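Okay, everyone, thanks for making time. Let me put the model up and walk you through a few spots in it.

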Amino acid sequence: MKESDRSLTNPIIQGIPSDPEQLRREYIQLYRYKHDLETLLNNTEDFIYIKDHKHKFIYTSKAFARLTKHDSFQELVGKDDFDIFPPEHARRYFEAEQTVITEGKALSRHEEPYYDLNNQLCWVSSTKNPVFDDQGNVIGLVGISKDITELKRQTEKIQYLAHHDDLTGLLNHRALFEFGGVLLSAAQRDHFRLFALYLDLDGFKQVNDLHGHTRGDEVLKAFARIIQDSIRNGDLAARMGGDEFLILMSSPYDQADAAKQFALRFIETVRDKQEPLSGCSCSIGIALAQQQETLSPLIKAADSAMYIAKRDPTVEFIAAKRQAFVNF
């Protein structure tokens with residue numbers, strides 16, 4: 001076969017147009033594609049990046065270069081995430097991309113953290129797709145990461161408000177029954193005592209009547225802070241409505257008076273903080289959970305004990321085989 005004939009079987013040579021005008025048109029088209037790609041990468045706010053099979057950067061959007069404190073993508077070529085990001089973040093990126101590069105599987109809507117230029121923690125949703133050669137081997141990946149920080153914050157806020165009282169930050173009524181039921185089951189399973197402490201702010205109505213609801217809200221928030229500072233990790237505190245609050249606390253069986261001792265200390269704390277509470281005092285009713293009991297009757301018993309406490313600060317009583325303390 002002549003050399004000229006062999007050239008016809010060469011796919012690379014076959015792929016090159018012989019017509020100069022066609023070659024010119026395809027060059028112009030290729031230039032436009034390149035121009036459009038660079039325009040996209042230079043103007044999008046998304047973080048776009050192309051990496052090789054060793055996780056090294058080949059190309060990035062301008063926004064990504066700016067995030068990493070570089071003037072252009074050329075300064076990132078040949079570097080990897082460990083060269084430019086905190087180790088804990090770089091490790092997360094690397095581990096997530098291993099599936100893309102080693103198995104050729106796309107990664108979609110994967111949430112990843114990063115620090116912005118003000119060193120504030122932010123979040124992106126990343127999609128990473130493998131890049132294959134003609135033989136089907138993975139030679140790299142293309143990633144697009146969209147900032148979802150504000151969306152994530154709003155979602156977390158909605159989730160927080162679904163479980164917390166918006167004024168005091170304590171659990172709301174719904175969340176108390178959700179988490180309190182779990183706490184009650186755990187106490188019964190592990191043979192711990194579970195107490196419900198029902199709290200009421202005495203004198204709160206007068207604060208509202210004399211100083212208005214704004215001052216009343218400040219008192220409620222101050223009282224909630226006292227509760228939050230007084231309970232232990234694992235205890236639950238909730239606002240039941242108005243000026244009524246509830247604490248669920250557990251203790252080993254050899255600490256039968258744990259709830260009463262807590263209540264006595266709490267009352268002393270309230271007495272020491274009269275200024276933020278505008279002179280309000282506190283009544284507390286305590287009920288001990290029984291085996292196989294649900295949360296509702298336990299809370300009702302503590303509520304009843306609290307109302308007895310408001311009428312007679314000295315009473316300690318036993319009713320319906322339930323030990324309950326009322327103070328103070």
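So, the largest pocket holds about 170 Å³ of space. By pocket I mean, on a 1 Å grid over the protein atoms alone, an open set of points where a 1.4 Å probe fits, with protein on both sides within 12 Å along at least five of seven lines; lining residues have an atom within 4 Å of a point. The volume is the space filled by probe spheres set on the points, which are joined across faces, edges and corners. There are 14 lining residues, and Leu67, Lys69, Ile84, Tyr115 and Asp116 lie nearest the centre. Helix H6 (87–103) and strand E3 each give at least two residues to that lining. Helices (H or I, at least four residues) and strands (E, at least two) are DSSP runs, numbered from the N terminus.

Quick caveats: this is a predicted model, where local features need pLDDT of at least 70, side-chain atom pairs count only at pLDDT 80 or more, and totals for chains, interfaces and linings use all residues. Numbering runs from 1 along each chain as its sequence is written, and side-chain values use heavy atoms, with hydrogens and water left out.

Now the rings. How many aromatic pairs does the structure hold? Eleven. Rings of Phe, Tyr and Trp (its six-membered ring) pair if their centres lie within 6.5 Å; planes under 30 degrees apart are stacked, over 60 edge-to-face, the rest tilted. Phe47 and Phe64 have centres 6.5 Å apart and planes at 70°, so they're edge-to-face. Phe47 is in strand E1 (residues 47–52) and Phe64 in helix H4 (residues 62–67), 17 residues apart.

Phe47 also pairs edge-to-face with Tyr114, at 5.5 Å centre to centre and 80° between planes. Tyr114 sits in E3 (residues 107–115), so this pair ties E1 to a part 67 residues away in sequence. Are these two buried or exposed? Both Phe47 and Tyr114 are buried, where buried means under 20% relative accessible area, exposed over 50%, and partly exposed in between (1.4 Å probe, protein chains only). Phe47 comes out at 11%, and Phe64 at 5%. Phe47, Phe64 and Tyr114 belong to one aromatic cluster, together with Tyr49, Phe57, Phe85 and Tyr93.

Last stop, helix H10 (residues 213–230). Its buried residues include Val219, Leu220, Phe223 and Ile227. Among the elements covering the buried residues of H10 are helix H9 (204–211), helix H11 (258–272) and strand E9 (281–288).

Technical notes
Contact = heavy atoms within 4.5 Å.
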